[in-house]
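Hi there,

Here is the structure I promised to pass on to you. Have a look at it first, and then read on for what I found.

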Amino acid sequence: MSLSAIDDRADNVGRAIALTLFTIAVFGIQDAMSKHLVQTYSPFQVTMMRYWGFAAFALYIVSRQAGLRQALSSKVPLWQLLRGSLLIIEICVFALALQTVPLGELQAISLVYPLLVTLFSIPLLGEKVGVFRFVAVGVGFAGALIIVRPGGLPLDWGVGFAMIAAVLYSLYIVLTRKVSQYDKAPTSLAYTGIVGLVLSSGVGIFFWQPMAWPDVALVVTMMITTCLGHGVMIYALSLAPASTVQPFNYFALPWAIVLSMVVFGHYIDPISLLGAGIVVAAGLVVMARERIKRVRIVDGPILPGRE
């Protein structure tokens with residue numbers, strides 16, 4: 001490989017990381033907007049309106065890449081319907097958690113999802129998980145328990161919703177991997193957009209209440225930035241592999257803590273911060289081990305020992 005090619009690849013990776021961080025910052029601001037709105041309006045109404053932006057973006061991308069009718073031709077439609085349902089239910093449950101759980105702690109609990117993905121991949125995808133990753137998963141869950149310990153977060157329905165949201169999102173990720181064996185990306189995106197649009201609108205319309213104009217402006221901003229954020233993320237993934245930029249998703253945690261302090265005046269306590277750090281460290285270890293496993297499979301024989 002020439003030096004210019006190496007430089008170009010390095011520049012692309014740098015841009016991909018910068019764009020990923022930008023996207024995470026946008027989505028974090030959206031969560032802060034949602035937290036403000038769900039104090040006044042139903043989480044189901046807020047979720048419905050927020051999802052309109054994503055559905056419009058998803059269907060636009062699908063129409064450009066494959067055409068809607070062709071994209072809806074799935075080899076595993078029931079799996080696709082379940083996958084789309086899991087995502088919109090997760091978003092609704094996350095919005096319910098936003099009513100009472102501070103942004104920083106909520107994001108920390110949510111970040112156990114890579115650990116749950118590792119566990120759910122065993123029965124649903126038939127993956128093998130070695131001792132090393134099992135230990136990392138156990139340590140990560142211990143970190144989550146530190147956050148919700150007695151004397152930490154108030155153990156209300158919000159904490160329960162946060163945990164349920166993490167479980168639902170991890171199942172969504174695992175099913176996304178499963179359907180990718182049968183369907184192309186436009187098909188998965190089409191089902192995600194349509195299923196979520198139908199379900200969120202079918203429920204949210206019954207919780208509708210008039211909104212003040214400043215709040216309408218917030219919702220419109222969320223819809224626009226949803227399209228912007230997903231578009232930028234797709235472009236970032238075209239510059240570098242997902243495994244390269246994925247660890248930078250953990251920027252969502254410090255960003256949520258900062259937003260929680262600046263916007264809502266809430267400061268995460270040191271012990272909960274320690275628990276959050278343990279969750280992040282465990283998640284990064286799991287990601288690193290999975291990446292090593294993929295490299296072994298692609299570049300050479302699988303070596304004996306722990307995964």
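Helix 6 (residues 113-125) packs against helix 8 (residues 157-179) at an angle of about 50°, and their axes are 8 Å apart. Axes here are lines fitted to C-alpha atoms, for helices over the stretch in contact, and angles run from 0 to 180 degrees between N-to-C directions. That angle makes helix 6 oblique to helix 8; angles under 35 degrees count as roughly parallel, over 145 as roughly antiparallel, 65 to 115 as roughly perpendicular, and the rest as oblique.

Contact means heavy atoms within 4.5 Å. By class, the residues between helix 6 and helix 8 are twelve nonpolar, two polar and two charged (Ala, Val, Leu, Ile, Met, Phe, Trp, Tyr, Cys and Pro count as nonpolar, Asp, Glu, Lys and Arg as charged, and the others, Gly among them, as polar).

Before we go further, please keep in mind that this is a predicted model, in which local features need pLDDT of at least 70 and side-chain atom pairs count only at pLDDT 80 or more, whereas totals for chains, interfaces and linings use all residues. Residues are numbered from 1 along each chain as its sequence is written, and side-chain values use heavy atoms, with hydrogens and water left out.

Now for the whole protein. It has 13 helices and zero strands; both are DSSP runs numbered from the N terminus (helices are H or I with at least four residues, strands E with at least two). Of its 307 residues, 46% count as buried (buried means under 20% relative accessible area, exposed over 50%, partly exposed in between, with a 1.4 Å probe and protein chains only). Among contacts between residues at least 6 apart in sequence, 88% join residues at least 24 apart.

- Trp-157 sits in helix 8 and is exposed, with a relative accessible area of 70%. Trp-157 and Gln-99 are 58 residues apart in sequence and 9.8 Å apart in space, C-alpha to C-alpha.
- Thr-187 belongs to helix 9 (residues 185-204) and counts as buried, at 7% relative accessibility. Leaving out residues up to four places away in sequence, Thr-187 touches Ala-71, Ser-73, Ser-74 and Gln-80.
- Ser-243 lies in helix 11 (residues 242-245) and counts as partly exposed, at 23% relative accessibility. Ser-243 and Met-287 are 44 residues apart in sequence and 8.0 Å apart in space, C-alpha to C-alpha.

Happy exploring!
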